[in-house]
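Please examine the sequence and the model shown here.

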Amino acid sequence: MQSNHISLKNIKINDPFWNNVCELVRREVIPYQYEALHDRVEGAEKSYCIENFVKAGRVVKALKNGESVPVYPVDKWQYTDENCDENAFHGWVFQDSDAYKWLEAVGYSLINHPDAELEKKAKEVVAVICDAQLENGYLDTLYIINDRSKVFTNLRDFHELYCFGHLAESAVSFYNATGDRRLLDAACRFADLICDTFGKDKKRGYGGHEIAEMALVRLYEQTGEQRYLDTAEFLVNERGRRPYYFDAEHGVNSKGEAYHYNQAHRPVIKQDEAVGHAVRGVYLYSGMADIAKYKNDAEIYTACKNIWSNIVNKKLYITGGIGATVDGEAFSFNYDLPNDLAYSETCASIGLIFFARRMAELNAVSDYGDVAERALYNTVLAGMSEDGKRFFYVNPLEVNPEASHKDSRKRHIKPVRQKWFACACCPPNLARLISSVGEYAFSENESTFFVHQYIGAAVQSRFGRIDIASDYTQSGKVKITAKAPVNLALRIPSWCSDYSISAPFTAKDGYAYLDGVTDVEISFDCKPKLVRCSNRVRANIGKAAVTKGAFVYCAESVDNGENLQMLTLDKNTAFEQDGEFLLADGWREEAQNALYSDFTETPKTPCKIKLHPYYRWGNRGENEMTVYLPVN
């Protein structure tokens with residue numbers, strides 16, 4: 001049963017948990033990131049983002065005046081003070097996208113909370129961006145600054161279509177918030193150039209880093225321009241066709257072996273496993289789901305379902321993280337989910353939520369909302385500190401700070417959040433998702449209002465106003481009140497085996513369907529419990545994680561002492577709540593100084609193991625952390 005998400009303009013979040021998170025992003029994260037994009041955060045890596053737009057604007061002005069413009073190499077992924085001219089482009093090839101994601105978050109924030117000063121700052125950034133656009137609509141500062149003749153010549157490695165995608169997403173958000181068309185018009189001019197350049201009888205290319213696919217659909221939804229949807233369909237279906245476009249582009253004959261990284265190893269309708277760079281993957285799969293919906297494409301929909309099944313049944317961390325290996329920031333092989341080597345990029349979980357929302361709107365199956373919930377309340381929220389000024393790029397399930405500092409295999413595992421990153425995709429991505437979280441909670445069709453996430457809100461639906469009063473994260477209780485009788489579809493979370501709904505319902509695909517109700521109360525039993533992995537996951541044999549409702553918990557050495565590997569959970573523990581913590585019965589082994597000895601039972605001392613919500617770990621200084629513990 002298909003549905004459509006509800007415009008953020010019609011959703012007012014009022015939730016005891018999410019109010020604080022959204023306010024943190026509005027008051028701290030967005031202003032902080034504005035400073036970071038302008039390279040004004042002391043001790044943080046430079047962004048160069050706004051600086052590049054200013055440089056590009058100067059180039060555009062010089063070209064209009066008929067002046068000669070220098071040319072610089074376009075041959076690296078990252079341009080630094082040490083490897084390029086001071087007047088050339090600086091940063092990573094995708095640096096423009098950081099400003100776009102920030103503007104997208106600003107747009108959502110302004111919809112929720114009008115702020116004249118923030119809007120003024122954002123419009124100044126918009127002006128700088130628009131000044132950097134070439135007359136033909138092209139807008140990518142790397143090529144505008146360094147070498148206009150190389151435009152669209154390395155789609156595999158460089159990120160013009162990716163940056164366009166974030167431009168389009170931000171343009172729609174900012175226009176809907178402010179009515180200012182400048183950025184939307186700039187995005188449409190670039191989209192028109194892309195439509196004129198790529199297609200069946202044109203350049204048969206597609207981006208090495210996906211997002212343009214779903215961004216063109218977003219522009220189609222906003223403008224009704226059919227060729228945006230048609231070009232998105234082309235980019236999806238052309239991917240992986242032979243002869244391989246990336247081979248021709250680079251003068252090689254790879255036979256597709258190198259293109260798993262870009263999900264371009266075979267046509268999308270023949271893909272049934274999540275492979276390659278995890279963020280790229282879920283951005284592609286989201287675009288595929290869009291095409292399946294708007295083009296009624298059954299083959300692409302089947303591919304989406306197969307890929308989804310592979311992710312959630314064989315490649316998903318309990319925290320909602322994806323991408324098990326640092327090599328290529330990629331999905332690994334089936335059931336390879338190491339805890340202490342996990343990559344689990346924040347952006348990847350955000351992209352998984354994009355994919356999940358689209359799949360839920362294609363067909364309401366609780367699995368999609370379950371996975372989105374687990375990613376949202378754990379990996380995504382863990383991506384930022386409690387003050388909103390430090391961030392994780394990587395979200396492991398086990399951390400030993402000494403290993404992070406001394407073991408090259410684990411240098412990607414950071415025991416504390418960072419102020420910023422030269423490759424800063426995650427912080428603004430996180431801000432834009434949280435600022436628009438309401439759009440992931442509800443949807444509707446001609447007959448039914450769907451609740452996918454139990455976030456407290458007042459929603460103006462096609463059926464009139466619907467109020468959701470939610471204490472979901474604490475007691476598991478939710479009350480829904482409608483001004484007029486409405487048909488409801490309520491997701492029953494997979495973690496809950498004991499729940500009550502105050503009105504008659506029928507169950508289908510993990511949703512409870514209620515006909516013509518005005519008031520309904522729901523109670524989900526969210527007692528803590530132990531959860532184990534498949535025994536195909538070698539890292540977690542004999543271990544379990546602790547969950548409570550949507551949240552995964554972890555142990556930190558600041559609470560439990562060093563050497564967390566010496567802790568064992570009692571499988572029959574009666575959990576106790578201690579504020580934000582859970583206390584579990586268990587044992588601590590005595591430390592053994594001898595490296596080897598004859599096997600005997602190691603002496604253990606009974607103890608209380610203190611567990612903290614995973615999303616809050618690492619806020620109390622550098623320390624050990626683990627999600628999984630041995631169970632006895």
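Leaving aside neighbours within four places in sequence, Asp467 is in contact with Ala457, Ala458, Lys479, Ile480 and Thr481, where contact means heavy atoms within 4.5 Å. The model is predicted: local features need pLDDT of at least 70, side-chain atom pairs count only at pLDDT 80 or more, and totals for chains, interfaces and linings use all residues. Residues are numbered from 1 along each chain as its sequence is written, and side-chain values use heavy atoms, with hydrogens and water left out.

Asp467 lies in strand β9; helices (H or I, at least four residues) and strands (E, at least two) are DSSP runs, numbered from the N terminus. With a relative accessibility of 24%, Asp467 counts as partly exposed, because buried means under 20% relative accessible area, exposed over 50%, and partly exposed in between (1.4 Å probe, protein chains only). The side chains of Asp467 and Arg465 are joined by a polar contact of 2.9 Å. Such a contact is a pair of N or O atoms within 3.5 Å; within protein, one must be able to donate a hydrogen and the other to accept it, and residues adjacent in sequence count only if both atoms are side-chain atoms. Between Asp467 and Ile211 the C-alpha to C-alpha distance is 34 Å, and the two are 256 residues apart in sequence.

Asn560 is buried, at a relative accessible area of 12%. Beyond its neighbours within four places in sequence, Asn560 is in contact with Ala555, Leu567, Arg588, Lys608, Ile609 and Lys610.

Which residues does Ser173 contact, leaving aside its neighbours within four places in sequence? They are Leu103, Glu104, Gly107, Tyr108, Ile111 and Arg218. Ser173 itself belongs to helix α6 (residues 160-178) and is buried, with 1% relative accessibility.

Helix α6 is also among the elements that cover the buried residues of α16, together with α1 (18-37), α3 (96-112), α11 (278-294), α13 and α14. In helix α16 (residues 426-435), 10 of 10 residues are buried. Among them are Cys426, Pro427, Pro428, Asn429 and Arg432.

On a 1 Å grid over the protein atoms alone, a cavity is a set of points where a 1.4 Å probe fits but cannot get out, and lining residues have an atom within 4 Å of a point. Grid points are joined across faces, edges and corners, and a volume is the space filled by probe spheres set on the points. By this rule there are 2 cavities of 30 Å³ or more. The largest cavity holds about 90 Å³, and its lining consists of Ile353, Ala356, Arg357, Ala360, Tyr368, Gly369, Ala372, Leu376, Tyr440, His452 and Gln453. The elements giving two or more residues to this lining are α13 and α14. By class, the lining has 7 nonpolar, 3 polar and 1 charged residues, where Ala, Val, Leu, Ile, Met, Phe, Trp, Tyr, Cys and Pro count as nonpolar, Asp, Glu, Lys and Arg as charged, and the others, Gly among them, as polar. The second largest cavity has a volume of about 30 Å³, and its lining divides into 4 nonpolar, 4 polar and 1 charged residues.

Aromatic rings provide a further view. The whole structure has 40 aromatic pairs; rings of Phe, Tyr and Trp (its six-membered ring) pair if their centres lie within 6.5 Å, with planes under 30 degrees apart counted as stacked, over 60 as edge-to-face and the rest as tilted. The Tyr206 and Phe246 rings have centres 5.0 Å apart and planes at 55°, so this pair is tilted. Tyr206 lies in the loop between α7 (182-197) and α8 (212-223) and Phe246 in helix α10 (residues 245-250), 40 residues apart. Tyr206 is buried at 1% relative accessibility, and Phe246 is buried at 1%.

For Tyr472 and Phe524, the ring centres are 5.9 Å apart and the planes stand at 90°, so the pair is edge-to-face. Tyr472 lies in the loop between β9 (464-471) and β10 (477-491) and Phe524 in strand β13 (residues 511-524), so the pair ties together parts 52 residues apart in sequence. Tyr472 and Phe524 also belong to a cluster in which ring pairs link Tyr454, Tyr472, Trp495, Tyr499, Phe505 and Phe524.

How values were computed. 1 Å grid on protein atoms, 1.4 Å probe; cavity = no way out; pocket = protein on both sides within 12 Å on 5 of 7 lines; lining within 4 Å.
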